[in-house]
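Let's take a walk through a protein model together.

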Amino acid sequence: MSHEMMGYNAAMGLALVEEMRRDDSIFILGQGVATGGWFGAEKGLASEFGTDRVIDCGISEAFEAGLAAGASIAGMKPVVNMGFGDFALIAGDEIYHKLAKWRYMHGLDVPMHAVIIFPIGTMGGAGPEHSSCTEVLGMHFPGLKVVVPSNAEDAKGLMKAALREPNPVLFHSVQGLGWSRGDVPLDPEFIVPIGKAAIKRPGTSLSIITYGSMVPRSLEAAEALAGEGIDAEVIDLRSLVPLDWDCVLSSVSRTHRAMVVHEAAKTAGPGAEIAAQIQERIFFDLEAPVMRLGARDFPLAQHADLEALAIPSVDAIAAMARELAAI
Amino acid sequence: MSILKELKIPHMGSVENAKLLSWVVREGETYADGDILYEVETDKTATEIEADGPGILVRQLAEPDAPMKVGDLVGLWAAAGTSQGDIAAALAARDSAAPAEAGAPAAVAADAPVAPAAAAAAPTEEGQRLSPLVRRLAAEHGVDLTTLAGTGPGGRITGDDVLAAAGKSDGGAGAPGDCETIAHSLRRQTIARRMTEAAAIPTLTADMEIDLGGLFARRAADKAAGRSISVLGQIAHTAVEILVEQGLLNAHWTDSALLRFKSVHLGVAVETDDGLVVPVIRDAQSLDAEGLTAAIAELAEKARSGALKPADLEGGTFTISNPGSLGPTIRAEALLNPPQIALLGLPGIVRAPRAVERDGAWAVEVRQVVRPSLSFDHRAVDGGPVIAFLNLLKERLEQL
């Protein structure tokens, strides 16, 4: 099957088109989706599928998510694009209670197909209320699946998996990677399974466990470290729920040193859970404490330069890896 | 300002890492300008650090074998003649002003041994800090940790050390049994890094056979005249002459430009107990064959006795490697010594049958020959000048 070079958002859009062609019960709603969406992922959807299946909404996140919960329990397959993940918190009750819990409250008898597109992270000065990384909330409320693609190929493959998943999926698209490009398989059966991490760079000295926007940065740091004799393994988690513990734990059991890197704030971020589980489960494989690198615990600045200071840079990742290797 | 001054590992050319081997001056001892304070092992060689003025060594802050870098703090000193009372008062003031940095263990006194970078892993007074992995492996394999020498950061015992002691490697099944663990010296680490760099350079090697009959005949005459010229000295001298005349191979490769040098700073590889070093003879073009013979002998002796200074190992523009002195006689191909672009390898001299023209007829004669190999960085130079170099080398050495 052939491949095509395309952007991350366009790859998500391609998955939507392919699945909407395949499955009539899929429909999408959100602000601007009928005119291409905030970031272009839905470009062309309305002209192909019409405004019955591509529904433009006003500013109404709570209603959109509530509609998704109701439609999914009734057998439809709704997709909601929240535009900015920050605003999805307005729909917190519908997402973290209704969508997360109803399937369990109804004895798992009914599937609940629903995908909430949850754009996260910084994009160069969008400001504190448009740049949050809220994926940890999806980890904290059982009942949801949580994915964060780090590249265009995974954006397509994970969206395909999300659209075929009988449980609600929080699909965190990474705003900072929205226009990053990559080679994307055109095979309509190409799927990246939810819950499978990818070892992006094998290594022996330490494991950098990361996802989303920090994958390219960690890989760049790993190349710099290689010149210093530190051979870092870089794991792209791709899914946070379920999290590929087999991959993480077997990597750390080999390298004996681990650090978690994410753009989300460090305190009580996903790294806290990952670090805790590593030490609970394989403490006696560790040569060193599990380290964490996340955004500083500030509301992010609107100024792009100040914003960049708050989130992990390639240099900061390399510096922490050096520190870890020296323990 | 405190009367206590900081003693730091001095800048030594391109040296970065320096392991303190031992203190020569004791705490409280007065030293004079030029006295040896302590010894360090650097990436290049072991060397003695001299005082650059008189003083009193107040505190030794670095422990032997701690990995350190140039510029790291190793001790405190005070001006010669400072009274014991003043020093004690200054130390007390320093201790009480210990910085209470967040996260720093409060119980560590300011003048406790400071191991830079790897402080968390440095041996403590209660003994080594052991990672969970080390504790598990030691229990599983019944390894007595007190008998192990650590190879990890700050000399810490690592899981690999325990497995090595248990005769196992992390590789699991099929790993070789008993083995001796030899921690890499800084020099060995440097060699490893530099050879890895060199192996990434697109390198080719050209060979030449040279009849040394003339050279040996002349050497006998020189000896009779009381001049001492070694075969290596003569070949090196002729090679240097050609390097200067030809002006192509005496150069450094950098990413942006080729740097061709007028002077030849000749590196000569010397085998030592702690691995290969390449001391440099500066301005080798200003020495005659006899002078070069003496210079090579002198540097080789310094290398073997460990008396080389970092400066002796820097700035080479061309290298001669002479494995022939140890045995191999067919070829002496070598990895380059980057950023240098060429290296002449000399295998041993052998007696070999050669076709020789005598009075218009060809005959086979047994001759003494050497087959030098010239390895070159093909990014910087093509085969033509290299063959031309070897042709000239052959011509001149055969016509001595």
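This is a predicted model: local features need pLDDT of at least 70, side-chain atom pairs count only at pLDDT 80 or more; totals for chains, interfaces and linings use all residues.

In chain B, strand S3 (residues 30–31) is joined to S6 by 2 bridges, and the two run antiparallel. (Strands are DSSP runs of E with at least two residues, helices are runs of H or I with at least four residues, and both are numbered from the N terminus; two strands pair if DSSP finds at least two bridges between them.) Look for B:Tyr31: its bridge partner in S6(B) is B:Gly55. S6(B) also has 4 bridges to strand S8 (residues 73–78) of chain B, again antiparallel, with B:Arg59 partnered by B:Leu76 in S8(B).

Residues are numbered from 1 along each chain as its sequence is written, chains are lettered from A and ligands numbered from 1 in the order in which they are written, and side-chain values use heavy atoms, with hydrogens and water left out.

## A helix with a covered side

What lies against that sheet? The buried residues of helix H1 in chain B pack against S6 and S8 of chain B. In H1(B), B:Ile87, B:Ala90 and B:Leu91 are buried. They cover an arc of only 100° around the axis, which puts them on the same side of H1(B); the arc is that of the directions from the helix axis to the C-beta atoms. The general rule behind this is handy: an α-helix has 3.6 residues a turn, so residues three or four places apart point the same way.

(The expected span is 1.5 Å times one less than the number of residues.) Its buried residues include A:Ile274, A:Ile278 and A:Ile282. Seen down the axis, the buried residues of H10(A) fall within an arc of 165°, so they line one face of the helix. They pack against several elements of chain A, among them helix H9 (245–255) and strand S13 (258–265).

## The nonpolar cores

Which residues touch the most other members of the largest nonpolar core? Among its 61 residues, they are A:Ile209, A:Leu237 and A:Ile278. (A nonpolar core is a set of buried Ala, Val, Leu, Ile, Met, Phe, Trp, Tyr and Cys residues joined through side-chain atoms within 4.5 Å.) Not counting residues up to four places away in sequence, A:Ile278 touches residues including A:Val248, A:Phe283 and A:Val290; contact means heavy atoms within 4.5 Å. A second, separate core has 46 residues, including B:Val270 and B:Phe376.

## The open sheet of chain B

Now find the open sheet of 6 strands in chain B, with mixed pairing and the order S9-S21-S18-S17-S13-S16. Strands S9 (203–207) and S16 (280–281) stand at the edges, each with a single partner strand, so one side of each is left without a neighbour in the sheet. S9(B) is joined to strand S21 (residues 373–377) by 5 bridges, running antiparallel, and B:Ala206 has B:Leu374 as its bridge partner there.

Most residues other than glycine have a negative phi, and most peptide bonds are trans. A cis peptide bond runs from A:Val241 to A:Pro242, with omega near -10°, and A:Pro242 is in the loop between S12 and H9 of chain A. In chain B, B:Pro338 and B:Pro339 are also joined by a cis bond, with omega about 5°.

As for phi, A:Leu108 has a positive value of about 60° although it is not a glycine, and it is partly exposed, at 43% relative accessible area. B:Asp359 has a positive phi of about 50°. B:Asp359 lies in the loop between strand S19 (350–358) and strand S20 (361–370) of chain B, and it counts as exposed at 83% relative accessibility.

Key. Buried means under 20% relative accessible area, exposed over 50%, partly exposed in between (1.4 Å probe, protein chains only).
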